[in-house]
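Thanks for coming. I have one structure to go through today, so let me put it up.

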Amino acid sequence: MIRPAKEMDIQKILHLTQACGAALRVKNIFQWNSHYPNSTVLTMDINRNELWVFEDDSELIGCMVLTDLMDEEYASIPWSLPDESAKYVHRLGVHPKWQRKGIASRLMDFAEQQSRVQGATAIRLDTFSRNPGNQLFYEKRGYLSRGAIYFPHQSAYPFYCYELSLKST
């Protein structure tokens, strides 16, 4: 079940993101760290009603942010559709023991459907350049690469930006 996150979920979400970060580090992918995501960011997401969680039998196993807010880093990207009609996905994560079971796809299906219902014409996101599995996941869903940005507090390596047009889908 996908539902809006609540403040009481923050510790479980942090546990999930820390488990994801640890699993990525084993693969030499240094994406999520002790500074990001953090409880301050998650609280802001919850207060804006943008953070969603995936639960199975009351176990929190996935999370995702769906927002109208464009990160300032995205301003340099040559997007194909107008900014004001786009939605943005951030902090998509699935606990490692639940990965490869379709949870991330279900979260993205939800994000895409919610975006269509809300009149968005595009979904945008970024994924770490050192994480080819994520890049392939989004490309298989029809997302097109639009450029690269940097988040120095996370990594010296770029993050690739992707966009999916919802106009004809």
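When I say strand, I mean a DSSP run of E with at least two residues, and the strands are numbered from the N terminus. One caution before the details: this is a predicted model.

Thr 67 belongs to strand β3, which covers residues 59-67. Is Thr 67 buried or exposed? Its relative accessibility is 4%, so Thr 67 counts as buried, the cut-off being under 20%. The side chain of Thr 67 has a polar contact, at 2.7 Å, with the side chain of Glu 50. Leaving aside residues up to four places away in sequence, Thr 67 touches Glu 50, Lys 87, Tyr 88 and His 90.

Next, helix α2, residues 39-47. Which residues of α2 are buried? They are Val 41, Leu 42, Asp 45 and Ile 46. Looking down the axis of α2, those buried residues fall within an arc of 135°, so they line one face of the helix. What covers the buried residues of α2? The cover includes α1 (10-26), β2 (51-56), β3 and β4 (86-94).

After α2 comes Asn 49, which has a positive phi, near 60°.

On to charges. How many salt bridges does the count give? It gives 12 salt bridges.

One is between Arg 48 and Asp 45, where the closest N and O atoms are 3.3 Å apart. The two partners are placed as follows: Arg 48 is partly exposed, at a relative accessible area of 37%, whereas Asp 45 is buried, at 0%. Recall that Asp 45 is also among the buried residues of α2.

The other two share Arg 141. With Asp 109, Arg 141 forms a salt bridge whose closest N and O atoms are 2.6 Å apart. Arg 141 lies in the loop between α4 (132-140) and β6 (144-149), and Asp 109 lies in helix α3 (residues 103-117), so this pair ties together parts that are 32 residues apart in sequence. Asp 109 itself is partly exposed, with a relative accessible area of 41%.

Arg 141 also forms a salt bridge with Glu 112, and there the closest N and O atoms are 3.0 Å apart. Glu 112 is in helix α3 and Arg 141 in the loop between α4 and β6, so the pair ties together parts that are 29 residues apart in sequence. Glu 112 has 8% relative accessibility and counts as buried.

There is also a network: salt bridges with shared partners join Asp 45, Arg 48, Glu 50 and Arg 91. Glu 50 has come up already, as the polar partner of the Thr 67 side chain.

Leu 144 sits in strand β6 and is partly exposed at 46% relative accessibility. Its contacts, not counting residues up to four places away in sequence, are Cys 161, Tyr 162 and Glu 163. How far apart are Leu 144 and Leu 42? They are 102 residues apart in sequence and 27 Å apart in space, C-alpha to C-alpha.

Last topic, the aromatics. The count comes to 9 aromatic pairs. One of them is Tyr 74 with Trp 79, a tilted pair at 5.5 Å centre to centre with 45° between the planes. Both Tyr 74 and Trp 79 are buried. Another is Phe 137 with Tyr 138, an edge-to-face pair at 5.0 Å centre to centre with 70° between the planes. Phe 137 and Tyr 138 are both buried.

Phe 128, Phe 151, Tyr 157 and Phe 159 make up one aromatic cluster. What sits over the ring of Tyr 157? The charged end of Arg 130 does, 3.7 Å from the ring centre.

That's the tour. Happy to take questions.

Note on methods. Residues are numbered from 1 along each chain as its sequence is written. This is a predicted model: local features need pLDDT of at least 70, side-chain atom pairs count only at pLDDT 80 or more; totals for chains, interfaces and linings use all residues. Side-chain values use heavy atoms; hydrogens and water are left out. Rings of Phe, Tyr and Trp (its six-membered ring) pair if their centres lie within 6.5 Å; planes under 30 degrees apart count as stacked, over 60 as edge-to-face and the rest as tilted. Buried means under 20% relative accessible area, exposed over 50%, partly exposed in between (1.4 Å probe, protein chains only). A charge sits over a ring if NZ of Lys or CZ of Arg is within 6 Å of the ring centre and within 35 degrees of the ring normal. A salt bridge is a side-chain nitrogen of Lys or Arg within 4 Å of a carboxyl oxygen of Asp or Glu. Helices (H or I, at least four residues) and strands (E, at least two) are DSSP runs, numbered from the N terminus. Contact means heavy atoms within 4.5 Å. A polar contact is a pair of N or O atoms within 3.5 Å; within protein, one must be able to donate a hydrogen and the other to accept it, and residues adjacent in sequence count only if both atoms are side-chain atoms. The arc is that of the directions from the helix axis to the C-beta atoms.
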